[in-house]
Amino acid sequence: MTRFQRARIVDIARHAKVGTATVDRVLNDRPHVSPATRRRVLHAISELESDFAEVAPSRQWRLQVLLPADAGPSTEFLAQCFGAIAAKRLVRIECEAIKKIEPEALAAKLGECVGRRVDAVAFQALDDPRVRDAVSKLAQAKIPSLALLSGLENSGVIGRIGIDNRAAGRTAGYIMGRMLPQSGLVAVVTGSLLYSLHEDRETGFRSMLRRQFPHLRTVGVCSGYDDIEGNYRAVGELMRHHPELAGIYNVGGGNEGIVRALQDHPNNALLYIGHNLTHKTQGYLLSGAMDIILHQNMRRIAKQAVAAIVARLEGQPVTIETLPTEIITRENLLGAVFE
């Protein structure tokens, strides 16, 4: 992991042209500091610790981040990115893991944020009426919320941070079609359609095959619930029924389970496309177990999320940019950033 250097109080004071006692009061959110001075100190910290967001809020806002538990290395690293921003003490960030693919649990946690002196909430959304209702209650309590990675249509969230998932799915379909010129069967592995990102990726993939590569036929959706063991069982069953399978596109996590299943049912011609570069998937690329990884930069997601939330809390325009989908192969791993 690339480390950022925390600035010393004396350096911050010199950069902001204030005393060290003033810096200490700002860092610990103590009173008797004017908004202008506080902003100058926070801006100095941002310039000296430039690894993450250039955010200089007028006060130390409190942000609650809710991420699914046991969702794999990418989600764990996203939590670390938020933690690193919190370590700069520009904002207070509390990350909490909740049971994955459980709308009731997510809705309950969102509800608990009301009355807890939380200024804003960022969370990986599940497309469920209970979650939308919880978001509406947050909005009624004047607590803005932001969706991470997966969106929530027709709700009160201020936006979604992440890649264009339908375009990512179309990209996977385009690569699959170009690399498999002969007729054959391909499969989509999904986690849960409660994640709109999974649905969007699958939709984009299928639409690309129908439009430009009709020689490839999908054999249906194989669901392993975004879980290593679930994917292992589901893909193993798929391979037993279709040993001639030419390609697999995994729209979610649990890549390890798919790799294990493919090792049990060797097919050297099979093309495997998945998402998110991690230590594990880097190894799969190098070994040939995976062919293509479509990647989204978690550092940029955390940085943009904090910037968007601070802007909303301070009454400034909220700018949310769609992140690029990076295409990673074993040949361009050098310099690829995932932590």
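Helix axes here are lines fitted to C-alpha atoms over the stretch in contact, and the angle between two of them is taken between their N-to-C directions. All views show a predicted model.

**View 1. Crossing of helices α1 and α2.** The axes of α1 (residues 9–16) and α2 (residues 20–27) come within 8 Å and cross at roughly 105°. Because angles from 65 to 115 degrees count as roughly perpendicular, the two helices α1 and α2 are therefore described as roughly perpendicular to each other. On the α1 side the contact is made by Ile9, Val10, Ile12 and Ala13, and on the α2 side by Thr20, Val23 and Leu27. Sorted by class, this contact of α1 with α2 has six nonpolar residues and one polar residue, with no charged residues.

**View 2. Helix α9 and its surroundings.** Helix α9 (residues 228–241) has 14 residues and reaches 20 Å from its first C-alpha to its last, which is close to the 20 Å expected at 1.5 Å a residue. At the start of α9, a side-chain oxygen of Asp227 lies within 3.1 Å of the backbone nitrogen of Glu229. Buried residues in α9 are Gly230, Asn231, Ala234, Val235, Gly236, Leu238 and Met239, and what covers them includes β6 (184–190), β7 (216–223), β8 (247–250) and α10 (255–264).

**View 3. Val251 in the loop between β8 and α10.** Val251, placed in the loop that runs between β8 and α10, is buried, with a relative accessible area of 0%. Leaving aside residues up to four places away in sequence, Val251 touches Val188, Val189, Thr190, Gly191, Leu197, His198, Arg201, Glu202 and His275. The C-alpha atoms of Val251 and Ile328, which are 77 residues apart along the chain, are separated by 15 Å.

Conventions
Residues are numbered from 1 along each chain as its sequence is written. This is a predicted model: local features need pLDDT of at least 70, side-chain atom pairs count only at pLDDT 80 or more; totals for chains, interfaces and linings use all residues. Side-chain values use heavy atoms; hydrogens and water are left out. Axes are lines fitted to C-alpha atoms, for helices over the stretch in contact, and angles run from 0 to 180 degrees between N-to-C directions. Helices (H or I, at least four residues) and strands (E, at least two) are DSSP runs, numbered from the N terminus. Angles under 35 degrees count as roughly parallel, over 145 as roughly antiparallel, 65 to 115 as roughly perpendicular and the rest as oblique. Contact means heavy atoms within 4.5 Å. Ala, Val, Leu, Ile, Met, Phe, Trp, Tyr, Cys and Pro count as nonpolar, Asp, Glu, Lys and Arg as charged, and the others, Gly among them, as polar. The expected span of a helix is 1.5 Å times one less than its number of residues. Buried means under 20% relative accessible area, exposed over 50%, partly exposed in between (1.4 Å probe, protein chains only). A polar contact is a pair of N or O atoms within 3.5 Å; within protein, one must be able to donate a hydrogen and the other to accept it, and residues adjacent in sequence count only if both atoms are side-chain atoms.
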